[in-house]
Amino acid sequence: MLMRTDPFRELDRLAQHLMGPGTWSRPSAMPMDAYREGDEYVVAFDLPGVTADAIDIDVERNMLTVKAERRPVATGDDVQVELSERPLGVFSRQIVLADTLDTEHIQADYDAGVLTLRIPIAERAKPRKISIGVGSGRKEISG
């Protein structure tokens with residue numbers, strides 16, 4: 001069997017082990033991607049192993065907060081854990097949203113362990129063309 005090692009993964013695992021799982025008062029961070037797609041911003045959070053009912057999304061003014069909890073898998077008396085690297089506990093991320101985003105129409109989808117939020121750009125922030133009016137004629141000043 002060929003095994004590859006990543007020294008940084010071991011360091012992350014050790015730090016996570018020493019700090020313990022995230023709690024509601026001290027949650028762990030969750031990885032995310034953010035990008036613009038057409039007339040909306042898309043934010044995707046990695047939450048593998050989290051059920052949809054364990055995810056909480058709040059928007060207050062322009063602060064978006066996403067919290068999730070990964071609970072331990074039910075184990076029985078005949079189960080012996082050999083290795084446990086997947087972090088458990090509470091994960092959280094806060095994002096300050098620009099005033100140009102429409103926080104009233106955020107859409108959230110959860111599929112295959114990825115929470116995807118689509119935030120439309122507000123109409124007032126979209127580029128628009130301004131027409132220029134032409135005067136009716138020239139005015140002359142006589143002296």
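**Stop one: a pair of charges**

Select glutamate 69 and arginine 71 and show their side chains: the two form a salt bridge, with the closest N and O atoms 3.7 Å apart. Before we go on, keep in mind that you are looking at a predicted model. How exposed are these two partners? Glutamate 69 counts as partly exposed because its relative accessibility is 23%. Arginine 71 is partly exposed as well, with a relative accessible area of 44%.

A search of the whole structure turns up 3 salt bridges.

Arginine 118 counts as partly exposed, at 21% relative accessibility. Glutamate 40 is partly exposed with a relative accessible area of 21%, and glutamate 37 is partly exposed with 39%. What do salt bridges with shared partners make of Glu37, Glu40 and Arg118? They join these residues into one network.

**Stop three: the sheet around them**

Switch to the cartoon view and look for an open sheet of 4 strands in the order 2-3-8-7, with antiparallel pairing. Strand 2 (32–37) and strand 7 stand at the edges with a single partner strand each, so one side of each has no neighbour in the sheet. On average, neighbouring strands here are turned by 20 degrees against each other, ignoring direction.

Zoom in on strand 7 (residues 107–111) and strand 8 (residues 114–120). These two run antiparallel and are joined by 5 bridges. Pick aspartate 109 and you can look across to its bridge partner in strand 8, threonine 116. Tyrosine 110, in turn, stands opposite leucine 115 in strand 8.

Follow the chain around the turn. This hairpin has 2 residues between its strands, and alanine 112 takes a positive phi near 55 degrees there. Alanine 112 has that positive phi although it is not a glycine. Is alanine 112 buried or exposed? Alanine 112 is exposed, because its relative accessible area is 74% and anything over 50% counts as exposed.

Now find an open sheet of 4 strands with mixed pairing, in the order 1-6-5-4. Its edge strands are strand 1 (28–29) and strand 4 (55–60), each pairing on one side only.

Select strand 4 and strand 5 (residues 63–70). They run antiparallel, with 6 bridges between them. Glutamate 60 has methionine 63, in strand 5, as its bridge partner.

Next, click on arginine 61, in the loop between strand 4 and strand 5. Its phi is near 55 degrees, a positive value in a residue other than glycine. Arginine 61 counts as exposed because its relative accessibility is 77%.

For a contrast, jump to serine 28 in strand 1. Serine 28 counts as buried, since its relative accessibility is 14% and buried means under 20%. Now select valine 90 too: which distance separates the C-alpha atoms of serine 28 and valine 90? They are 6.3 Å apart, although the two residues are 62 residues apart along the chain.

**Last stop: a pocket**

Finish by selecting the lining of the second largest pocket: Gly49, Arg70, Arg71, Pro72, Val73, Thr75, Val81, Leu83, Ser84, Glu85, Arg86 and Leu88. About 230 Å³ of space lies inside this pocket. Colour the lining by residue type and you'll get 5 nonpolar, 3 polar and 4 charged residues.

Definitions and conventions. Residues are numbered from 1 along each chain as its sequence is written. This is a predicted model: local features need pLDDT of at least 70, side-chain atom pairs count only at pLDDT 80 or more; totals for chains, interfaces and linings use all residues. Side-chain values use heavy atoms; hydrogens and water are left out. Two strands pair if DSSP finds at least two bridges between them. Buried means under 20% relative accessible area, exposed over 50%, partly exposed in between (1.4 Å probe, protein chains only). On a 1 Å grid over the protein atoms alone, a cavity is a set of points where a 1.4 Å probe fits but cannot get out, and a pocket is an open set with protein on both sides within 12 Å along at least five of seven lines; lining residues have an atom within 4 Å of a point. Grid points are joined across faces, edges and corners, and a volume is the space filled by probe spheres set on the points. Ala, Val, Leu, Ile, Met, Phe, Trp, Tyr, Cys and Pro count as nonpolar, Asp, Glu, Lys and Arg as charged, and the others, Gly among them, as polar. Axes are lines fitted to C-alpha atoms, for helices over the stretch in contact, and angles run from 0 to 180 degrees between N-to-C directions. A salt bridge is a side-chain nitrogen of Lys or Arg within 4 Å of a carboxyl oxygen of Asp or Glu.
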